[in-house]
Amino acid sequence: MTNSPPLPDSTDPSAASPASQHAERRREPLEGYADHADAVRLHASMIGDDPTALFQEMRREHGPVVPVLLDGMPVWYVIGYRELHHVTSQPQLFGRDPRRWNLQDLLPPDWPARPYVTWQPSVMYSEGAEHQRRVGAISDALDSVDRNELALICEQIADRAIDEFSGNGQTDLISQYADRIPAQVITRLFGLAESDLPELVEDVNYVLGGGEEAPSAVFRILEKVSRLIADKRALPGHDLTSHMLAHHAGLTDEEIVQDLIMVMIASHDNCSNWIGSALRLMLMDDHFSMSLQGGRSSVGEALNDVLWKDPPVPNMPSRWAVQDCELAGRRIRRGDMLVLGVAAANADPQVQPAAHAGSGANRAHLSFGHGEYGCPFPAPELAEIIAKTAVEVLLDRLPDVYLTVKPDALRWRPSLWIRSLEALPVRFSPTVPTGRGPSLRSLGE
């Protein structure tokens, strides 16, 4: 799960510099933003396949807080681990409500990142006591999930996904596997009827794609979740929706609709990208593939390595200064926007020295966020169960799976906000379907 909504991406089509080249800069000063006179232009094409060199250059030239232009708008890019930890630990100084942005009124109507900075009545943009009330209900509902039952549901859904292509001897593990599993698990936890799942999962993917179908998909999701809440008020079950309805926080139906949709979309996007990146790592890295021949011992290590090096949410445009302050020697004005550079902070030499061989059991990464707006407990634990189970089932079912292209031919989708592979083409020995798909009983029935 994540701290930032997985909405349509922000890109700069006019910029084509790869990560290995020097970042473009705007030379003329901006009124009130003297530090941005030589700002880095932040856009998706800069990230490339390996943004390490870009982060090193930014750190060398600007330090841990970088003045950048995000599609022409001056913002601060926090790439230092300590600085990002500080920002996320101080909600009284750096708030989550985008209505604070001092440049909000100057945004062009077609500004690409507008969906990420548009206030919505969900827990994601709430603050203070209101945020604690709503996130507390989400956390308590998530904690009610039986971990063993969750793993069983994941196994069943993964088996059914593999059954659809197991006889072909080849597939794309992104579109045909990683992108199909999390939403099915999560919506089943909500207590949705089995018959509603296929269309809802399809709509979630439409929203994440951000194409022409996205607005109507959002409307259909709202309609389904609203109907689900009405059904669960009439006949509660043992599911997340029923737990939130009964919670002592006294959430309104509208609050529950907004928060369930946020959990659904953010969780699916993060989990599917996490699964895809872990499978990529194990298919191309000898350290993981060799050790996996004898069992599942390295799956957890691979998942953790991905969170350090290729987090599903590499950047988050998600904080605004509550008052004038200083951060790493930079003068931050009230209402300034800060982009949290999670991937860059994880790669900070202060916590990830060059001699470091691997992440191992070190879980000090910031990929689940930190502080009041970090992923609510126990979301990271549940997400890991989903991702780990999906990877393990695939390895069990297709033990000889291998890439059909060279590793350097794999491409990441151009995005500042998500780390997602375009495709992961593989071959394997054809096998017969197991028929171990989910039963018709949903978790809440």
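How many aromatic pairs does a search of the whole structure find? In this predicted model, the search returns five aromatic pairs. One of them brings together Tyr 116 and Trp 417, whose ring centres are 5.3 Å apart; the planes meet at 45°, so the pair is tilted. The two partners come from distant parts of the chain, 301 residues apart. Tyr 116 belongs to the loop between strand E4 (94–95) and helix H3 (128–143), while Trp 417 belongs to the loop between strand E10 (402–403) and strand E11 (425–427). Tyr 116 has a relative accessible area of 2% and is buried. Trp 417, also at 2% relative accessibility, counts as buried because the cut-off is under 20%.

Phe 165 and Tyr 177 make up another aromatic pair, this one edge-to-face, with 6.4 Å from centre to centre and 80° between the planes. Phe 165 sits in the loop between helix H4 (147–163) and strand E5 (170–172), and Tyr 177 sits in helix H5 (residues 174–178), so the pair ties together parts that are twelve residues apart in sequence. Both of these residues, Phe 165 and Tyr 177, are buried. Together with Phe 428, they form one aromatic cluster.

Aromatic rings also meet charged side chains. Arg 99 lies over the face of Trp 119, at 4.0 Å from the ring centre. At Tyr 33, the charged end of Arg 333 sits over the ring, 4.3 Å from its centre.

Between E5 and E11, the antiparallel pairing extends over three bridges, and Gln 170 has Arg 427 in E11 as its bridge partner.

Five of its five residues are buried, so E9 is largely enclosed by the rest of the structure. In a regular strand, side chains alternate between the two faces of the sheet. Both faces of E9 are covered: buried Met 337, Val 339 and Gly 341 lie on one side, and buried Leu 338 and Leu 340 lie on the other. E9 pairs with strand E3 (residues 73–78) in the parallel sense over three bridges, and with strand E6 (residues 315–321) in the antiparallel sense over five bridges. Leu 338 takes part in both pairings: Leu 338 is the bridge partner of Trp 76, and Arg 319 stands opposite Leu 338 as well.

Among the helices, H3 has 16 residues and reaches 22 Å from its first C-alpha to its last, close to the 22 Å expected at 1.5 Å a residue. Its buried residues are His 131, Arg 134, Val 135, Ala 137, Ile 138, Ser 139, Ala 141 and Leu 142. An α-helix has 3.6 residues a turn, so residues three or four places apart point the same way. The buried residues of H3 pack against H4, helix H9 (240–246), helix H10 (253–284) and helix H14 (379–397).

How values were computed:
Residues are numbered from 1 along each chain as its sequence is written. This is a predicted model: local features need pLDDT of at least 70, side-chain atom pairs count only at pLDDT 80 or more; totals for chains, interfaces and linings use all residues. Side-chain values use heavy atoms; hydrogens and water are left out. Rings of Phe, Tyr and Trp (its six-membered ring) pair if their centres lie within 6.5 Å; planes under 30 degrees apart count as stacked, over 60 as edge-to-face and the rest as tilted. Helices (H or I, at least four residues) and strands (E, at least two) are DSSP runs, numbered from the N terminus. Buried means under 20% relative accessible area, exposed over 50%, partly exposed in between (1.4 Å probe, protein chains only). A charge sits over a ring if NZ of Lys or CZ of Arg is within 6 Å of the ring centre and within 35 degrees of the ring normal. The expected span of a helix is 1.5 Å times one less than its number of residues. Contact means heavy atoms within 4.5 Å. Two strands pair if DSSP finds at least two bridges between them.
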